[in-house]
Amino acid sequence: MSEQIASVIPGGVDSPFRSFHEVGGHTIFLERASGAYVFDVDGNKYIDYLGAWGPAVLGHSPPSVVAAARKALESGAVFGTPHALELEMAEQLIAAYPSIEKVRFVNSGTEAVMSAVRLARGCTGRDLIVSFEGCYHGHSDAVLVSRQHRASSGVPQAVAEFTLQVPFNDLPALEQCLAANAGQVAALLIEPVAGSMGVIPPEPGYLEGVRRLCSAHDTLLIFDEVLTGLRVALGGAQALYGVKPDLTCLGKALGGGLPIGAYGGAAWIMDHLQPLGQVYQAGTFSGNPVTMASGVETLKLLSEPGVYQTLEARAQQLFQGLGETIRKLELPVQLQRVGSMFAVLFAPGPVKNYRDSLVIDAGRFAEFFHQLLDRGIFLPPSAVDAACLSAAHSPQDIETSVRLMSEALRSIA
Ligand SMILES: Cc1ncc(COP(=O)(O)O)c(C=O)c1O
């Protein structure tokens, strides 16, 4: 099937990392996903830590989410007009994110970030943005500039020049950058927990410092919570760390498995969007009833007591078990996580920024990945991307995972 699909889809994939190009070997073709498990076309079952690259925070296909989406689909997949589920979704989202007074729904994280950046530029009248080395914000031109694990040709130099980059977790570098470009920076775009260069938490006080510098320079602070939103807490990293951005981008988990993005913030900023203001953004499928129904039900389930405690308990169980193995074997492996997003990094010391992440041993990770795949555990096929636990993983799943991951680590030690 790999060869057949590669003859009609470039690389055989609709998104590059699905191809296993970083870990080698042939990608797996999945047929079904349910709860904490995925099943391939050859009848193999895996305990899943890809989580579809983030969305599956409740596990795959929670029955009530499927039922809500099915019901909406039967009443019409897309209207091209406002509808009640959109209102319900917006109200629920705003209740969970106090920094958001108004929100627009789009269809992907890429679209959310692209739109938020345009809005920030339109509303400040400034052109520059600042982003962070190693952070990933989707594949629009403005954010696919150099110094990250995914760079691209085809981004005009003239466009890239409007994006300045500084190292993550380095406040003096940011201070210097904003001072050198005073009055010109529309927005600072940051993943509050960096998810695609190892899972890197902000150092204590860092996000507060970022907030302070943005306010001092009248620069809008955009939190890209496409991955962290609804994952590290219902209210995202901004709730976890108590820092309020001006604009927030969401995606992944918000749609309950269906394609979604969202961006929102204070009304005075959001009201710059057409038809009220002058900033244009639109979308045929944006806010469609099927995704909204799925999202409303997902937000309801995530609001139930105990979900995030369960995620934290499972993640702790996993890291405690793995930590013991790594200590015993004296392996140069770093375990990094925030809530249910985690990384097993083959690096000699903690990874705190992009430069640190460059020493991660991708070859060692590839061995680990395949050892696990053979044993029935599916990690992201990337040495630096966040793996994702779900609330559907049972203590027994974690116990099995610790045993199999420890076996794999022993065999490559
Ligand atoms: C932090 C972050 N922002 C943006 C995106 C882009 O989202 P999408 O793949 O839905 O376009 C991703 C996807 O991996 C992400 O992790």
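**Note on the predicted model: loops, ligand site and a helix pair**

1. Pro275 is placed in the loop between helix 9 (267-270) and helix 10; helices here are DSSP runs of H or I with at least four residues, strands are runs of E with at least two, and both are numbered from the N terminus. The peptide bond joining Gln274 and Pro275 is cis, with omega about 15°.

2. This is a predicted model, in which local features need pLDDT of at least 70 and side-chain atom pairs count only at pLDDT 80 or more, while totals for chains, interfaces and linings use all residues. Residues are numbered from 1 along each chain as its sequence is written, and side-chain values use heavy atoms, with hydrogens and water left out.

3. Although Phe20 is not a glycine, its phi is positive, at about 65°.

4. The residues around the ligand (a heavy atom within 4 Å) include Ser108, Gly109, His137, Glu191 and Asp224. This shell divides into 3 nonpolar, 5 polar and 3 charged residues, where Ala, Val, Leu, Ile, Met, Phe, Trp, Tyr, Cys and Pro count as nonpolar, Asp, Glu, Lys and Arg as charged, and the others, Gly among them, as polar.

5. An N or O atom in the Thr110 side chain is 2.6 Å from a ligand oxygen atom, and a polar side-chain atom of Lys252 lies 2.9 Å from an oxygen atom of the ligand.

6. Helix 2 (residues 63-74) and helix 10 (residues 289-303) have axes that come within 8 Å and cross at roughly 155°; axes are lines fitted to C-alpha atoms over the stretch in contact, and angles run from 0 to 180 degrees between N-to-C directions. The two helices are therefore roughly antiparallel to each other, a term for angles over 145 degrees.

Key
Polar contact = N/O pair within 3.5 Å; in protein donor to acceptor, adjacent residues only side chain to side chain. Parallel < 35°, antiparallel > 145°, perpendicular 65-115°, else oblique.
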